[in-house]
Amino acid sequence: MSQSLRTPLLFTFVACLIIGTGFVQGWNSALLILNMGLISAIMALGVNLQWGFAGLFNVGVMGFVALGGLANVLIAMPPTTEAWAAGGLKVFLGLAIGIGAIIAAVKSHARLSGHTRIWAIVAILIVGFFAFRAMFDAGVAAIEEVNPAVTGYLGGLGLPVLVAWPVGGLLAAGAAWVIGKTALGLRSDYLAIATLGIAEIIVAILKNEVWLARGVQNVYGLPRPVPDAIELQNNAGFVERAAEFGLDPITASTLYIKMGYSVLFTIVLVILLVMAQKSLNSPWGRMMRAIRDNEDAARAMGKNVTKRHLQIFILGSAVCGIAGAMMTTLDGQLLPGAYQPLRFTFLVWVMVIVGGSGNNFGSVLGGFLIWWLWVQVEPIGAGLMQVITAGMAEDSGLRLHLLDSVAHMRLLTMGIILLLVLRFSPRGLIPEK
Amino acid sequence: MDFLNALVALTQFVIIPATTYGSQLALGALGVTLIYGILRFSNFAHGDTMAFGTMSTILFTWWLQSMGVSFGPLPTALLALPFGIAATSLFVIGTDRVVYRFFRAQKAAPVVFVIAAMGVMFVYNGVVRFIIGVGDQNFLDGERFILRARDFKEWSGLREGLTIKTSQGLTVITAVIVVALLFWFLNKTRTGKSMRAFSDNEDLALLSGINPERVVMVTWIIVAALATIAGTLYGLDKSFKPFTYFQLLLPIFAAAIVGGLGNPLGAIAGGFLIAFAEVTITYPLKKVLGYLMPESLEPDGLVQLLSTDYKFAVSFVILIAVLLVKPTGLFKGQSV
């Protein structure tokens, strides 16, 4: 089958899966899958930028997604003025001291030499660390004391939540710049471990730094970019229109809100997809693929490989950050404890590989398809287990164990799908042209 | 006297835990490094291989216990260990047959192997959760302590007590034996030598008539044994929970990389370096310093350099620092 036919057919197939979900499990579930599918597609697009275009092996997707989520709190929550007054200045002074010490150490590394260099750097770092801790800890303690049950953190800027999406991208891009500067010189496997580590650190910071985003106490009730459900239900015009469709006000309002998200997410996905397609087919995209396919030759042609790698690493991470911000907006809350590498890093990789790395449409398809499977494996598995265990005694230990274990079939299925695709269709469902 | 007290406190809270943890990490990193050296890819599924091995050992332990078998003062898990290793060996060799052998025949790029290892990681993770669930399993039985704090205080007359848990003593002794056996095997036996030859120069090894599939199989068996032992020791020392084993991936890789991927000696050094750094930096040193400093200078806070939750950060920072200075690790490592 030619690829020009294959792509629309596969997309139609996934659309049928989601629409079918609507008929079988209700439109609420279908819209939920669609919305997370849109976000997953954007994440896959970001990873594909790095891996498919440039061959960069980034296993730290989770960290960038989490930074995007943080942007929601920093942008959209109202500021805790009391906490700002109590310790805001100290915290930022502390951070400034810390960063200053690092810069001073780097500078002295460049300027000095020999034994003086080592001792100067050690001295700067030790003094800097304790000065930073003294200032920073005092500020943190003051902030966390302010109404700890409700706030205990600095809060945000109180801006519209949609601003958080590009800002999430910027935060992720900033982190990617720092990582790229230090780790992109490393070889592929080493870069992978470095990104894995930085993602763990970012999530550890989110979990622990209460002054920043309440840590594991979570931030609830983030502002939403769509109308409020209660308001809709009390709006006479809306209730009337819902009745015309034969819907009760509560169902109608949830569907309406979810569709609002779908529209917003689709706009973002389409913009990013168009940009990714344009860049893939531009001279820049061709250069990227040339670097990916033969780094030495590209370098010999005078291309600055390191710079290009840094550039695309930042771009791809920013896309993941935007997706992360969107996801937290959809959830309406920031739960740092929920970021798990299996779900937010490795699952995105399954999407990219299954969809077809190097092909933007492939990644988007993979995002939708794998997300649909991720949600549906459990009901399908439960049904399957009912069939398997049908012949067993009602109180058989094995039967109960099997029924309980259905929840763990997800990981198993994802692994098997990845391995099957890697073996029988190594270039994915929609291969690179 | 205060100096002795401080020394005992330091031993109790830093040296013993770090040595134990370091032994566990070193055994884990040895597995990673062997796969990298001989099969030439980063095995992301190693944490879950450890989980599988530990789970097998736990299941055999329960089976032995149900038959009334015990190992006196030592944990029954030690008796179950050979069975666990056998089961894990079969499991990983089966994986190699089904997954990796195909890519080997294709001469696929190393990164394809890494992605396949990601798939294997998912499958292993699923299998372990499927069989034993996600909860905590404590399978330590027998005598809990080698040395109790009260006995030590009576014997030494110090204010500070010293305890050594059986699991800690076992870990270190087992690790020493396993490492000695491994090095003997790699350096003295014919198979071990052919493995090293294969690792150093694949083409030359093939020319001299080494059977690559045999080398690969022996490697997997050794890796399965190392992973099962490391996982079981870790599980005895702390507790078994599938997710924790997945998280061990980062410190284990950090250890292997810091030492130099593909270099067994480096893996051991890296394991201890990471473990000591993690424990020292995240442990509150207030008690130790309290003994050493005059009363007026005693620290107010806990004197904890970093909160415990940042232990991953420690391994990562060491990793980056070492790589920036020595791109192939402390001991010269390989690169694919």
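**Chain A: fold, surface and charges**

User: What radius of gyration would a compact globule with 433 residues have, and what does chain A have?
Analyst: The model is predicted. With 433 residues, a compact globule would come out near 22 Å. That agrees with chain A, which has 25 Å.

User: How many helices and strands does chain A have?
Analyst: Two kinds of element are asked for here. Strands number 0 in chain A. Its helices number 18.

User: What box do the C-alpha atoms of chain A fill?
Analyst: The box is taken along the principal axes. Its sides are given roughly. The C-alpha atoms fill 75 × 60 × 50 Å.

User: Is Cys16(A) buried or partly exposed?
Analyst: Buried means under 20% relative accessible area, and exposed means over 50%. Cys16(A) has 49% relative accessibility, so Cys16(A) counts as partly exposed.

User: Is Cys320(A) buried or exposed?
Analyst: The cut-off for burial is under 20%. Cys320(A) has 0% relative accessibility, so Cys320(A) counts as buried.

User: How many disulfides does the structure hold?
Analyst: A disulfide needs two cysteine sulfur atoms within 2.5 Å. Over all chains, the count is 0.

User: What part of the accessible surface of chain A belongs to carbon and sulfur atoms?
Analyst: The accessible surface comes to about 19400 Å². Of this, carbon and sulfur atoms hold 69%.

User: How far apart do the centres of the positive and negative side chains of chain A lie?
Analyst: Chain A has 27 positive side chains and 21 negative ones.

Notes:
Residues numbered from 1 in each chain as written. Chains lettered and ligands numbered in written order. Predicted model: local features only at pLDDT ≥ 70, side-chain atom pairs only at ≥ 80, totals over all residues. Heavy atoms only, no water. Helix = DSSP H or I, 4+ residues; strand = E, 2+ residues; numbered from the N terminus. Rg over C-alpha atoms; globule rule 2.2 N^0.38 Å. Areas by Shrake-Rupley, 256 points an atom, 1.4 Å probe, with all protein chains shown as cover. Lys, Arg positive; Asp, Glu negative; His and termini not counted. Charge placed at Lys NZ, Arg CZ, Asp CG, Glu CD. Buried < 20%, exposed > 50% of the residue type's maximum accessible area, 1.4 Å probe, protein only.
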